[in-house]
Amino acid sequence: MQQNEGTSNSWIKNFIESEKSCVSLGCIPADIVAFLSEKCPDLISGLSSETEILFWKDRIAHTERHKDDFISDIAFYNCLEDIPNIIRNPDYLSVHPRDRSISFIKDYSSHIAVAVRVYADGKLSYRTMYPLTDAQLTNYIQKGRAWRLKSP
């Protein structure tokens, strides 16, 4: 994996260079858990703001398959580095109706989605990151599977 200059203290670079098989991205904030529980009680049962989201090393190669979907390699790596912030401070949330995953969507030069799988036992695991078009996000909102979060 290439890295931008100036990212020597990055969480992703440190993780790649470590011998760990996974790293925590933190937890879903309690207000987001409450919001999702209200919107999708059946899909999100058992979701807790105390459960850590695990990022497994094999997801790096999977995520890099989306690199060409970004406007540049720099944009891809900046968003990859910003995954914990995207989860803590999304502009939109989306829930996939069949695969029990939550997308944390942040507006940059495009909409960037970070997908997190919610397992039946309540465990959380990072799945992937990719850009969404305006049309895709609008479609999700119209279908009632995505919502804009209110500004603080």
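Start by selecting Trp11, which counts as buried because its relative accessibility is 19% (buried means under 20% relative accessible area, exposed over 50% and partly exposed in between, with a 1.4 Å probe and protein chains only). Before you go on: this is a predicted model, where local features need pLDDT of at least 70 and side-chain atom pairs count only at pLDDT 80 or more, while totals for chains, interfaces and linings use all residues. Residues are numbered from 1 along each chain as its sequence is written, and side-chain values use heavy atoms, with hydrogens and water left out.

**Stop 1**

Next, show Phe15. How do the rings of Phe15 and Phe55 pair? They are edge-to-face, 5.9 Å centre to centre with 90 degrees between the planes (rings of Phe, Tyr and Trp, using its six-membered ring, pair if their centres lie within 6.5 Å; planes under 30 degrees apart count as stacked, over 60 as edge-to-face and the rest as tilted). This pair links distant parts of the chain, as Phe15 is in helix H1 and Phe55 in strand S2, 40 residues apart (helices, H or I of at least four residues, and strands, E of at least two, are DSSP runs numbered from the N terminus).

Keep Phe55 in the centre of your view. Leaving out residues up to four places away in sequence, Phe55 touches Ile12, Ser21, Cys22, Val23, Leu25, Ile60 and Ile83, among others (contact means heavy atoms within 4.5 Å). Phe55 is also one of the residues that touch the most other members in the largest nonpolar core, a set of 34 residues (such a core is a set of buried Ala, Val, Leu, Ile, Met, Phe, Trp, Tyr and Cys residues joined through side-chain atoms within 4.5 Å). A second, separate core has eight residues, including Tyr92 and Tyr140.

**Stop 2: the sheet**

Switch to cartoon view and colour the strands. What is their order? It is an open sheet of seven strands, S1-S2-S6-S5-S4-S3-S7, with mixed pairing (two strands pair if DSSP finds at least two bridges between them). At the edges are S1 (22-27) and S7, each pairing on one side only.

Zoom in on S5, where seven of the eight residues are buried. S5 pairs with S4 in the antiparallel sense over seven bridges, and the two form a hairpin with three residues between them. With S6, S5 pairs over eight bridges, again antiparallel. Look for Val114, which stands opposite Met129 in S6. The S5–S6 hairpin has five residues between its strands, and Gly122 in that turn has a positive phi of about 95 degrees.

For a parallel pair, pick S2 (residues 52-56) and S6 (residues 124-132), joined by two bridges. Ile53 has Leu124 in S6 as its bridge partner.

**Stop 3: helix H2**

Finally, select residues 30-39, helix H2. Which of its residues are buried? Ile32, Val33 and Leu36 are. They sit on the same side of H2 because they cover an arc of only 100 degrees around the axis (the arc of the directions from the helix axis to the C-beta atoms). Turn to the face away from this buried side, and you'll find the exposed residues Asp31 and Glu38. Covering the buried residues of H2 are, among others, helix H5 (83-88) and strand S3 (92-95).
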